[in-house]
Amino acid sequence: MMALDSLRSAGGVSYAADLTVAGHAGAAPFRARPGRAKRLLQLARDMRHVGSLRGSLALLYASLGTDSRVRAMQKWSDTERGGSISQDDMRRLCDRVARGCPESAQAQVFNRITQEYCRRADTGQLAALRGTLGTAARDPDAWLARAPQGDPARKAWETLCAMLDRELARRTLITPLRQVARALPADADALDAACARLAVRLESLGDDRMARDVLSAALAQLAHAELRTLALQLAPLNTAAAAEGTGPARCPMARALAHLRSSPDLWRQRLDLIAGLQDPVAHAVSRRMDYFVHATAQLIDFQLGQGRESQAVYDLACESVVKNLEAAGYTGLLDIGNGNTLVPRLIAAALMRRPLKDVLDFVGKLHVKALSSLILAMEAGDDARLAGAARLIQGVRDEKMRPYRDRLIGCLRDLNGCLASGERGRVLAALKELAFTCVSWENDCLASGEAMPRLVDEDLRVAVQRALRLFCSGSGDSPRVFDLAALQRMCHSEVEGLRQCERGLKKYGLVMDRSALEAVARERGTPHIAIGAEHIAALAERLAERNLEPTHILHALRDGADSLATACATHASFIDMGPDETLRLCTEAAGKAWRDFVERHPDRRAAACAGMDRLGHILSNGLNDAASCVVLDHPDEQGNGASPIQPASYVAWRLRLASQLMEALIAVSAADDEVAMRDIIGTTFADRWTPALSKAVLEQFGVHYDAVLGQASLAMTPTQQRDFARELLRKDMTVNRLAYRQVASPDGPLTIDVAEQFLLDAIDRPTTRFSVMGIDRRGQYLPYTSSAPVPGEDSHVPGADRALAAVSQVAGADTVALSIYFTQAIAGDCQVALYALGPAAPIKLDDGRPVLPGGGGSVCTDVTRLADGSYVLRICVAWDHQDSVTLFTGSGVKLDAEQSYASLAFDLRMAPTPEGRWHREIISPISARYHLVEIIESDSEDSI
C-alpha cells in the first residue's frame, strides 16, 4: 500500500516519487522510456542533418578519387584545347568531375576538384584552358548568351573561369604589380623594370580579353595601400586633362617614366601599358566601394524617412561619401578630379538599391547639376543596370532644363524691349538679369554637356552688341573692350552694373579694360581723397595742440572717415576693393595730409608727433575694437526683406576707416620723422582709454563704447532709424512759389526755374551748399561740380550759379523739385522728425537729456543722377554755434556757442513714378553728430 501511495501520475505516464522524500536515500532514480511523441520529435531533428551528412560523404567520396577526377579534367582540357566550348562540352566536364555524387553536392565537388586542378597544373596549361573557355564569351550568338543564370553548365563555366583567372593572376601578375606599386612614385629605374616585367606577363596571356580578366583578378588581390598607390599614380592630374582626353602621358606614373622619352619605341610601350592599366584600376577601386554604397544607402533611407528634401539628402550623402573615402585613404583620388564621377557613382549605386519608382521620385526633385553628375557617373561604369537607369534620369534632366531655356528666351525678349526704349537704366537692369541667367545656364546646363541653342546664342550676341553701342552713346561699332573713353561717359552705378554682367556676357563681347577701370577710379576718387586729406590735416593740427581735446580730434577723424568712405565706394564701382586697396587709399590721403600740414606748419611737426605718441595708437586700436563690438552686438537684418538702412555695418565701416586713417597718419609721420613705431610697451589701449574718449565716440559716431568691458551699442537703434525716416518723408517737399535764375552757360545766358526759397538761402544768404554729378539727359557723364568757391572767387554767388547750371544740365525740368532740397526747408523737416522721436532723440546733453537744436541750420546737398533717371541726394543739415537748445519739456538750455553744434546726415533716393510724382526713400542710416557744452549759471547770476 505504501508503494502504491508513492506513485504519482503525470500526463498518463507513471513515475516514481522522489526517493529521498520516500525515505530510500541510497537507491538510484527510476528512468522511464520517452513517449512516442518525443521519440518522433527527436527523429525529425536528426533527419535535418542528413543533407549535410550526405554532402560531407560526397566530398569524402570525391576526395578519395581526387587524382582520377583531376586527370579527367586534365584530359578534357587537352581534348578541347583550341576548339570552341559548347554547352554539351561543359556538361560532359561536370559529369566526369562530379560522377557518382548527388546533385545537391555536385557544385561543391566541382569547386573542390577545380581548385586542386589549378594547384597541380602548370601555368601554360591554365592559360591554354582559359583561352579555350574564352571562346564561349566572344561569340554573341554562343550558348552562353542564351543559357539561363541557373544552368549547371553556365555556372560551371563561370566558376572555372573565375578560378583560372585568380590562379593565373597569382602566378603571373601579382608580383610585377606589387613591384610597380613599391617603385612609385620616385624610383624611376625600378619602376621601368617592373613595368617591363608586367608588360611581358600580360603579353604572355595572349588574348586581350583574357588579359583584362586576369588583370582584374590580380588587382582584386592587391592590398588596399597598393591599389590606392596605383590609382593615384594612374589617374589624370586634373579634371580638365581627363575631360579633354589628353591620354596617359598626363598621369603621375607617366611623368615618373619621362626619362624614357628619348627612346620613342620604349616610351610608346610604357604609355600603352599605362593606358591598359587605367580603366581596370579605376574599376577595381569602384568594386571595393561596396561598404560605402551600403552606408550611403542607409543614410539616404534614414534622411528621407525624416522628411528631408531630396536635394538636401543628396548633398549630405555627397559629404558623407567624401568623408568616408578620406577616412579610408582615398583622398588623393578625390583631389585629382575622380570625385566628379566616383562620389556620384557610389550614390547612384546606393539609390539603385531602392525600387525604381522611388529612385525616379527622388531624382525628380534634384537640381540639374546634381542630375548631370549622376548621369555622367552612371554611364561611366560597366553596370548595365546603372546605364539603363541613367537613360531614364536623362529624361528627367531634359525636362528640368526647359525652364532654363525659357528664362533665356524671356530675358532676351525683355532686353530687346528695353533697347527699343533707349533708356540705359532699363537696359542695364535687363542685361543684369540676362547675365545672371547665362551664368545659371553655364553652371548647370553647360557643365552637364548641354550647349546653348544655336539660334538663341546668335540672338544673344546681336542683342548684347546693340546694348554696348547704346552705352557708348550709339556712335560707331560696338567696342571690343570698354576702354577709357567709353568708361568716362558712364556713371559709377552703370560701370558697376556692367562689371557684374561681364562674367555671364563676356563671350558675347562685354569686356572691361582693367587699366581703364583703374584710371577712371583714380580720376573720380581723387576729389574725395583730397577732401579727406584736408580733414586729416586738420586732425594733425588738433594733435599738435598742447591740450588734446578728444572731441575735436574725433570730429576731424569722422570727417576724414566720411570722405574716405565715399572714395572707397567710388573705387568699388570700378575695381575689386579689398583690405589692401582700402589701406592704400587711407595711406594716400594721410600722406597728402601730412605733407600739407608740415608745409604749412613746419614748426609744429614735433608737437603733432608727440600728440600721436600720446593718443594715436589708443584711438586706432580703440576705434577698431568698437567696430568689432558693434557688428557682434547688433547684427544687421539679412535677406530679401531686410531694410536698406543697416546702421551697424554703416557705423562699423566708418569706425574702421577712422582707425585705419589714424594708423596711416602714424605710419607716414613716423617715416617722415625717421623714428620707429611709437607705442607704449606693457599696456593695452583699454588701460589708457578715458571717459572723454568714450563721450567723443558717442557724439561723433553714435556708439556707446566701453573699452574695458569690450561692449558697444548704437545710440540710435534700427527701429528709431525707421521712425525718423518715416516722419521725415511724411510730408511732400512741394514747391509753393516758383522763381527763376539766369546763369551763364557755354551756349549763352540760361534761365532756370527754381523754388523761390532757393534764391533766399543759396543766393541772398549763403546758408546752403550743393553739388551735382552723374548721367545727364543726353546720356553723357557730368563730373563732380560744386557750389563751393574756387580760388580767386571772393563771393559764393559764382559757385552757386555754376553748380545750378550743372544741375540744370543733368536734371532739366527736375531742377525745380531738386532745388527745394538746397534750402533750409529740409532742416525744418529734420527738426520735426527729431521731435517725433521724443525721448529717443539721438542729440543729448551730457546728462542724457534729449534736446532739439534751434535755428534754421545750414544745408549741404550732393546730388547724383543715375542712368535710370533717379537721384541720390546726400543731405547734411548742420546747426553750428548753438547758443541754446530746447528740452522736450519745453524749457531751454543755454550753451557755449563757440563750442556747441549738432548735425544730421542721410541719403535720400528720389525716383519718378508713372503718375508724375516722386517716390522717396531713405537709403542710409541717419548719422547724428553733436557736441553741446552747457553753460552753468550761478545762483547769484540768477538773482540778478
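## Surface and overall make-up

The protein exposes about 46700 Å², of which carbon and sulfur atoms supply 52%. The model is a predicted one. Of the 944 residues in the protein, 45% are buried.

The secondary structure consists of 40 helices and 16 strands. Among contacts in the protein with a separation of 6 or more, 68% are between residues 24 or more positions apart.

The protein has 2 cavities of 30 Å³ or more. The largest cavity holds about 190 Å³ of space. It is lined by 17 residues, and those closest to its centre are Phe701, Gly702, Met716, Ile926 and Ala928.

By class, the lining of the largest cavity comprises 13 nonpolar residues, 3 polar residues and 1 charged residue.

Arg722 and Ile926 are separated by 204 residues in sequence, while their C-alpha atoms are 9.2 Å apart. Arg722 belongs to helix 35 (residues 718-728). With a relative accessible area of 31%, Arg722 is partly exposed.

## Cysteines

How many disulfides does the structure hold? The count is 0. A disulfide is a covalent bond between the sulfur atoms of two cysteines. For Cys251, the nearest cysteine sulfur is that of Cys195, 10.0 Å away, and Cys251 is in no disulfide. Cys251 is buried, at 1% relative accessible area.

Helix 17 (residues 264-287) contains Arg270. Is this arginine buried or exposed? Its relative accessibility is 5%, so Arg270 counts as buried, the limit for that class being under 20%.

Leaving aside residues up to four places away in sequence, Arg270 touches Asp192, Cys195, Ala196, Leu257 and Leu260. One of these, Cys195, is the residue whose sulfur is the nearest cysteine sulfur to that of Cys251.

Ala295 is part of helix 18 (residues 290-305). Its relative accessibility of 22% places Ala295 in the partly exposed class, because buried residues are those under 20%. In sequence Ala295 and Ile347 are 52 residues apart, and in space the C-alpha to C-alpha distance between them is 10.0 Å.

## A positive phi at His881

Most residues other than glycine have a negative phi. His881 is not a glycine, yet its phi is positive, at about 50 degrees. Where does His881 lie? It is in the loop between strand 11 (871-879) and strand 12 (884-887). His881 counts as exposed, with 56% relative accessibility, because the exposed class covers values over 50%.

Note on methods:
Residues numbered from 1 in each chain as written. Predicted model: local features only at pLDDT ≥ 70, side-chain atom pairs only at ≥ 80, totals over all residues. Heavy atoms only, no water. Helix = DSSP H or I, 4+ residues; strand = E, 2+ residues; numbered from the N terminus. Buried < 20%, exposed > 50% of the residue type's maximum accessible area, 1.4 Å probe, protein only. Contact = heavy atoms within 4.5 Å. Areas by Shrake-Rupley, 256 points an atom, 1.4 Å probe, with all protein chains shown as cover. 1 Å grid on protein atoms, 1.4 Å probe; cavity = no way out; pocket = protein on both sides within 12 Å on 5 of 7 lines; lining within 4 Å. Points joined across faces, edges and corners; volume = space filled by probe spheres on them. Nonpolar A, V, L, I, M, F, W, Y, C, P; charged D, E, K, R; others polar. Disulfide = S-S within 2.5 Å.
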